[in-house]
Amino acid sequence: MHLKNAPLIPAHEADLASKWRNVVRRRSFLQGIGIAGAMLPGGKLLAEDNGRKLPKGDVAILRFLAAAELIESDFWQQYNELGGVNGGNPAYILALQNLDGDMPQYISDNTDDEMSHAAFLNAYLMSKGEQPVNLDAFRTLPSSQATGAKQIGRLTNLMKLNVDTSWYTRYRSTQNPDFGATFPQAVNIMNEPAIPVNDADTPPSQPQPVPPATSQQSRMQAIANTAGFHFATFDQAGSSLYTTLSLKVTDPEVLRIVVSILGVEVNHFAVWHDKAGNAVSQPLAGVNDPETGVTFPDLNAAPFGGEAFQTNLIFPEPCEFITPNLPACAVIRPSLKENAGAVATATAVAKSQLFLGQSQAFFDAVIGLAMEADAAQRKHGGEG
Ligand SMILES: [Fe+2]
């Protein structure tokens with residue numbers, strides 16, 4: 001179709017773009033079915049729900065969240081193998097500790113949390129007679145070749161991440177994306193690994209002084225800094241996703257589950273927000289990856305500085321909420337389906353290249369679950 005442009009697009013990006021186009025086509029097809037389903041007489045849909053232990057929409061929400069947590073667990077395990085408390089790559093650990101001495105502990109604990117979320121959601125679904133989510137067939141992506149990484153198949157790819165850092169400026173702004181506001185990237189992180197790729201690239205026993213002295217030390221520090229931003233990027237997305245989906249839950253127990261996990265995603269986000277700020281403030285600021293050119297500037301200095309970038313403003317700035325006529329409120333944002341629903345979140349994650357190399361079947365499975373979750377509608381008492 002776009003043969004003329006094809007040689008200009010790196011193979012992996014063209015591949016990802018075409019898979020996502022297929023997904024979007026499939027999405028329109030499935031939406032057609034969804035609309036037909038919604039037009040069935042209400043009584044029939046309700047009868048269907050009454051035969052279940054949980055409302056259909058709640059099951060769809062729990063299943064998408066289980067998939068999201070499995071995906072999250074997969075990449076956290078990769079971080080944990082290399083940079084956690086028992087992590088196997090000493091130079092990566094040192095570079096992470098330049099962001100905060102407690103990074104290995106936080107990485108291990110966050111990994112445990114995500115694994116507990118995935119296991120709990122699937123076990124809860126089964127306890128209600130529903131199908132759990134199993135993505136094992138898609139654990140096909142290669143591991144890092146760096147010292148410390150287990151050689152097993154992965155769901156996710158941390159080797160060429162595009163990390164959307166606009167949450168950093170969004171949470172420092174009084175504007176809200178749910179009213180159409182857009183926000184600049186704080187740091188431009190494109191095609192950057194978040195874990196060491198191999199030992200020739202970043203020797204596992206090298207020191208990691210601040211600032212880095214050699215190009216291999218700079219490379220490793222840029223990789224660790226990317227991890228720091230990726231942690232926050234994913235957890236702020238999770239915070240908005242859980243908030244958005246909670247609004248569609250019917251059953252009080254399912255709502256308790258969704259908002260209780262939500263709180264932990266927000267907790268993670270807040271901590272990672274603080275740590276990411278250390279990559280872009282003194283004394284660490286200024287790291288440049290000699291292989292990709294990705295640079296972590298001092299966001300407290302010109303041309304940045306001011307409230308939109310100041311690194312210690314880690315609590316959400318009050319922003320427009322519900323209607324601009326009401327006073328500004330410090331809240332999670334976005335929380336509208338089009339900006340933070342399951343499909344919007346899955347699309348953002350696909351754009352980050354976290355699924356680089358995954359099969360069409362994987363994208364179809366994820367988007368299928370996402371569309372079902374977004375189609376969930378809260379029912380009023382007694383109906384569900
Ligand atoms: Fe989680």
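Trainee: Okay, quick overview first. How many helices and strands does the protein have?

Mentor: There are 11 helices and 4 strands. Keep in mind that this is a predicted model.

Trainee: And what share of the residues count as buried?

Mentor: Of the 384 residues, 48% count as buried.

Trainee: What about contacts in the protein between residues at least 6 apart in sequence: what share join residues at least 24 apart?

Mentor: That share is 74%.

Trainee: Let's go inside, then. How many residues are in the largest nonpolar core?

Mentor: The largest nonpolar core has 97 residues. Ile61, Phe64, Ala66, Ala67, Val258, Ala370 and Ala373 have the most contacts inside it. Helix H3, residues 56-83, gives the most to this core, with 15 residues. As background, nonpolar side chains in soluble globular proteins tend to be buried together.

Trainee: Is H3 itself enclosed or open, and why?

Mentor: H3 is largely enclosed by the rest of the structure, because 27 of its 28 residues are buried.

Trainee: What span should H3 have at 1.5 Å a residue, and what does the model give?

Mentor: The 28 residues should span 40 Å, and the end C-alpha atoms of H3 are 40 Å apart, so the two agree.

Trainee: Back to Phe64. Which residues does phenylalanine 64 touch, leaving out those up to four places away in sequence?

Mentor: Phenylalanine 64 touches Ala342, Leu369, Ala370, Glu372 and Ala373. Two helices to look at next are H10, residues 342-351, and H11, residues 360-375.

Trainee: What sits in the loop between H10 and H11?

Mentor: Glutamine 353 is in that loop. Its phi is near 70 degrees, a positive value in a residue other than glycine. Most residues other than glycine have a negative phi. Glutamine 353 has 22 other C-beta atoms within 10 Å, so it is buried.

Trainee: Switching to peptide bonds. Where are there cis ones?

Mentor: One joins valine 210 and proline 211, with omega about -5 degrees. Proline 211 is in the loop between S2 and H7. Another runs from alanine 302 to proline 303, with omega near 5 degrees. Proline 303 is in the loop between strand S4, residues 295-296, and helix H9, residues 337-340.

Trainee: What else is in the loop between S2 and H7?

Mentor: Aspartate 201 has its place there, between strand S2 (189-192) and helix H7 (215-246). It counts as partly exposed because it has 16 C-beta neighbours inside 10 Å. Leaving out residues up to four places away in sequence, aspartate 201 touches Pro196 and Arg219. The C-alpha atoms of aspartate 201 and methionine 220 are separated by 8.5 Å, and the two are 19 residues apart along the chain.

Trainee: Last one. Where is asparagine 98, and what is it in contact with?

Mentor: Asparagine 98 is in the loop between helix H4 (90-97) and helix H5 (103-127). Leaving aside neighbours within four places in sequence, asparagine 98 is in contact with Gln208, Val210, Gln221, Ala224 and Leu284. Asparagine 98 and leucine 284 are 186 residues apart in sequence, yet 7.5 Å apart in space, C-alpha to C-alpha. Asparagine 98 counts as buried because it has 23 C-beta neighbours inside 10 Å.

Note on methods
Residues numbered from 1 in each chain as written. Predicted model: local features only at pLDDT ≥ 70, side-chain atom pairs only at ≥ 80, totals over all residues. Core = buried A, V, L, I, M, F, W, Y, C linked by C-beta atoms within 7 Å. Buried ≥ 20, exposed ≤ 12 C-beta atoms within 10 Å, placed from the backbone. Contact = placed C-beta atoms within 7 Å. Axes fitted to C-alpha atoms, helices over the stretch in contact; angles between N-to-C directions. Expected span 1.5 Å × (residues − 1).
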